[in-house]
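Subject: Model handover and findings

Hello,

Here is the model we talked about passing on.

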Amino acid sequence: MTDRSSEIISQSTGTPLVSVLMLCYNQQSTIDEAIRSVMLQKAPFEFELVIANDCSTDATENRTKAWADKYPGKITLISRRQNLGLQRNLLDAYSHCRGKYIAICEGDDFWCSRHKLRRQAEWMENHPETAICFHRVVNYYADTGEMSLSNGPGTTPRLMTVTDLAKANLISNVSVMYRALSHSELPRWIEQTPLTDYALHMLHASRGDIRFMPQPMAVYRRYSRGIWSGDNRRALELARDVRQLLISHFAGREEITQPLSQALGRILEALSKPAAESSPATPPRRSLLSRLRASISRLLPPPRIK
């Protein structure tokens, strides 16, 4: 059910196998590329795009309306009349996703393979034991133009479980596809944490296996103003809070709570150190090879669907 302060501008039709969930707020400079990368997907099945615009004050709403007009019946566009915030916007948008599977593409990220949805959905259809499928992404550092690849060689097993995910979050949000839960299965405590991505990964992963695909099929924009950049202590506090919520939620499932508690212990230990130690003033010096790769990456454009 849509929040009373919201309006459904357009509604997708048909019976989609996959719903693509896109949250946006004041992203007029990136939203076109995000939507374009979804609508260019080559898939032998129906899919829908559910866009939840959280009362943007720039031209984001006009841009999303233009795309909805261009693809009638393919896009559900929800326009907030007042800002709900990330968590409430997400929970309400999730309730509008009608697909058997849900993929995520935020309004400032985009996909760089037109076969992403097909590859992931085919795997999920052929492997009903899989709850989550994700892949490598290109990290694009918008402030410098540098790029890197996530999930380096040998760091991420092809097959994982929720126990592995409880140790550390290896999943980039723009890469994920979930076997959808019903909206009623999402706990209200999600509204208490800004780290909704890790919370959702854990909730879905508790229902089955996790499959990793090594192909990079999306671009994740990273900014210096993000919660994982600059203020390391704040990032640790958020990581602490979401793990405490997850430990409470999964009480009685030791295969989940034990690695979560171990990770929480390491976070608490880091937080117990003086601020100067937990938030170093300068990042560690990168190797010569790393700096060379960064310099070369600045000369190249991010990969895009042609």
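This is a predicted model: local features need pLDDT of at least 70, side-chain atom pairs count only at pLDDT 80 or more; totals for chains, interfaces and linings use all residues.

Residues are numbered from 1 along each chain as its sequence is written, and side-chain values use heavy atoms, with hydrogens and water left out.

Salt bridges

A salt bridge here is a side-chain nitrogen of Lys or Arg within 4 Å of a carboxyl oxygen of Asp or Glu. That rule gives 15 salt bridges.

One of them pairs Arg 304 with Glu 33, with the closest N and O atoms 2.1 Å apart. The two residues are 271 residues apart and link distant parts of the chain. Glu 33 sits in helix α1 (residues 31–39), while Arg 304 is in the segment after α10 (288–297). Helices (H or I, at least four residues) and strands (E, at least two) are DSSP runs, numbered from the N terminus. On accessibility, buried means under 20% relative accessible area, exposed over 50%, and partly exposed in between (1.4 Å probe, protein chains only). Arg 304 is partly exposed, at 34%. Glu 33 is buried, at 17%.

Another salt bridge joins Arg 80 and Asp 92, where the closest N and O atoms are 2.8 Å apart. Arg 80 lies in strand β4 (residues 75–80) and Asp 92 in helix α3 (residues 86–95), so this pair ties together parts that are twelve residues apart in sequence. Both Arg 80 and Asp 92 are buried.

Asp 241 and Arg 240 also meet through their side chains in a salt bridge, at 2.9 Å from N to O. Asp 241 is partly exposed, with a relative accessible area of 27%. Arg 240 is partly exposed too, at 23%.

There is also a network of salt bridges. It links Glu 7, Glu 61, Lys 65 and Arg 81.

Helix packing

Two packed helices are described by the angle between their axes and the distance between the axes. Axes are lines fitted to C-alpha atoms, for helices over the stretch in contact, and angles run from 0 to 180 degrees between N-to-C directions. Angles under 35 degrees count as roughly parallel, over 145 as roughly antiparallel, 65 to 115 as roughly perpendicular and the rest as oblique. Contact means heavy atoms within 4.5 Å. For residue classes, Ala, Val, Leu, Ile, Met, Phe, Trp, Tyr, Cys and Pro count as nonpolar, Asp, Glu, Lys and Arg as charged, and the others, Gly among them, as polar.

α1 packs on helix α2 (residues 60–70) at about 20 degrees, with the axes 10 Å apart. That makes α1 roughly parallel to α2. From α1, the contact uses Ile 31, Asp 32, Ile 35, Arg 36 and Met 39. From α2, it uses Arg 63, Thr 64 and Trp 67. By class, the contact of α1 with α2 has four nonpolar, one polar and three charged residues.

Helix α6 (residues 196–205) and helix α7 (residues 232–249) cross at roughly 25 degrees, and their axes come within 10 Å. α6 and α7 are therefore roughly parallel to each other. Tyr 198, Ala 199, Met 202 and Leu 203 of α6 touch Val 242, Arg 243, Leu 246 and His 249 of α7. The contact of α6 with α7 divides into six nonpolar residues, one polar and one charged.

How many of the residues of α6 are buried? Nine of its ten are, so α6 is mostly covered. Among the buried residues are Leu 200, Met 202 and Leu 203.

α6 also packs with α3, at an angle of about 40 degrees and with axes 11 Å apart. α3 and α6 are therefore oblique to each other. Leu 86, Gln 87, Leu 90 and Tyr 94 in α3 meet Thr 196, Leu 200 and His 204 in α6. By class, the contact of α3 with α6 has four nonpolar, three polar and no charged residues.

Leu 23 is found in strand β2 (residues 18–24). Leu 23 is buried, at 7% relative accessible area. The C-alpha atoms of Leu 23 and Ser 175 are separated by 15 Å, and the two are 152 residues apart along the chain.

Best wishes
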